[in-house]
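This briefing describes a single protein model for a reader who wants its architecture set out with some care. Please look over the sequence and the coordinates before turning to the points below.

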Amino acid sequence: MHFLTSALEFPPTTAANNHGLLAIGGDLSPERLQLAYQSGIFPWFNPDEPILWWSPPQRAVIFRNEIKVSKSMRNVFNRQMFTITYNRAFEAVIENCAAIPREGQVDTWITPEMKHAYMHLHELGVALSVEVWQDNNLVGGLYGIVQKRVFCGESMFSKVSNASKAALIQLISDFSQFELIDCQIMNPHLESLGARLIPRKEFETFLR
């Protein structure tokens with residue numbers, strides 16, 4: 001296992017173990033985070049752990065031409081059930097993502113340290129949020145990192161049915177430059193939207 005120092009570098013992603021764990025330590029500075037995302041690496045760790053850096057052998061992604069919009073979701077948009085905005089409430093989105101209960105998860109991985117780091121990236125114009133409103137209440141959203149043709153999704157939340165799905169579908173519709181959405185780890189929610197697994201090497205080629 002590679003232990004990071006103050007040097008701004010990561011080991012080759014091929015050095016990751018079978019679960020995708022690549023390195024331990026370092027910091028969450030904007031420079032290191034941007035280097036990580038440019039390299040197909042992301043941080044993910046629990047509050048009682050050191051910073052852990054990951055590059056899974058299989059990456060969950062959604063190609064923009066493969067997004068699945070179900071009949072029920074088309075109805076949601078046709079009925080204009082939500083108002084969707086961008087970068088209007090980044091801090092509120094990340095706080096909701098941290099607070100929302102997750103099945104099989106006791107604590108959130110979005111620690112105060114992580115919140116501060118991504119707020120800083122947002123201030124630099126690197127991180128983007130999508131907000132979903134209903135009756136002027138924030139009911140869903142997501143945030144992530146912009147990498148030219150790729151949007152690296154970090155987390156999403158819903159307080160009402162279909163809110164996070166609406167956020168992702170609208171993001172793909174409005175930002176034609178995003179040819180691929182990096183979802184990192186597969187789950188049924190993402191799979192229902194068209195996410196599939198591709199090899200690490202293919203994902204890194206797309207990033208380059």
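The model is predicted, and the protein it describes has 7 helices and 11 strands. Of its 208 residues, 50% count as buried.

**Overall dimensions**

- A compact globule with 208 residues would have a radius of gyration near 17 Å, and because the protein itself has 17 Å, the value agrees with that expectation.
- Taken along the principal axes, the box filled by the C-alpha atoms of the protein is roughly 50 × 35 × 35 Å.
- When contacts between residues at least 6 apart in sequence are considered, 69% of them join residues that are at least 24 apart.

**The sheet and the helix packed on it**

- An open sheet is formed by 7 strands in the order 6-7-8-9-10-5-11, and the pairing within this sheet is mixed.
- Strand 6 (83-86) and strand 11 (196-199) are the edge strands, each of which pairs on one side only, while the twist from one strand to the next averages 35°.
- Strand 9 (residues 150-158) and strand 10 (residues 180-184) run parallel and are joined by 3 bridges; Val 150 has Leu 180 in strand 10 as its bridge partner.
- Helix 3 (residues 90-99) packs on the sheet, where it touches strand 7 (127-134), strand 8 (137-147) and strand 9, and the direction of helix 3 makes about 100° with that of strand 8.

**Helix 5**

- Helix 5 (residues 163-174) has 12 residues, which at 1.5 Å a residue should span 16 Å, and the distance of 16 Å between its end C-alpha atoms agrees with this.
- Because 9 of the 12 residues of helix 5 are buried, this helix is largely enclosed by the rest of the structure.
- The buried residues of helix 5 are Ala 163, Ser 164, Ala 166, Ala 167, Leu 168, Ile 169, Gln 170, Leu 171 and Ile 172.

**Nonpolar cores**

- The largest nonpolar core comprises 48 residues, and those with the most contacts inside it are Leu 28, Leu 33, Trp 53, Tyr 118, Tyr 143 and Ile 145.

Note on methods:
Residues are numbered from 1 along each chain as its sequence is written. This is a predicted model: local features need pLDDT of at least 70, side-chain atom pairs count only at pLDDT 80 or more; totals for chains, interfaces and linings use all residues. Side-chain values use heavy atoms; hydrogens and water are left out. A nonpolar core is a set of buried Ala, Val, Leu, Ile, Met, Phe, Trp, Tyr and Cys residues joined through side-chain atoms within 4.5 Å. Buried means under 20% relative accessible area, exposed over 50%, partly exposed in between (1.4 Å probe, protein chains only). Two strands pair if DSSP finds at least two bridges between them. Helices (H or I, at least four residues) and strands (E, at least two) are DSSP runs, numbered from the N terminus. Axes are lines fitted to C-alpha atoms, for helices over the stretch in contact, and angles run from 0 to 180 degrees between N-to-C directions. Contact means heavy atoms within 4.5 Å. The expected span of a helix is 1.5 Å times one less than its number of residues. The radius of gyration is taken over C-alpha atoms; the globule rule is 2.2 Å times the number of residues to the power 0.38.
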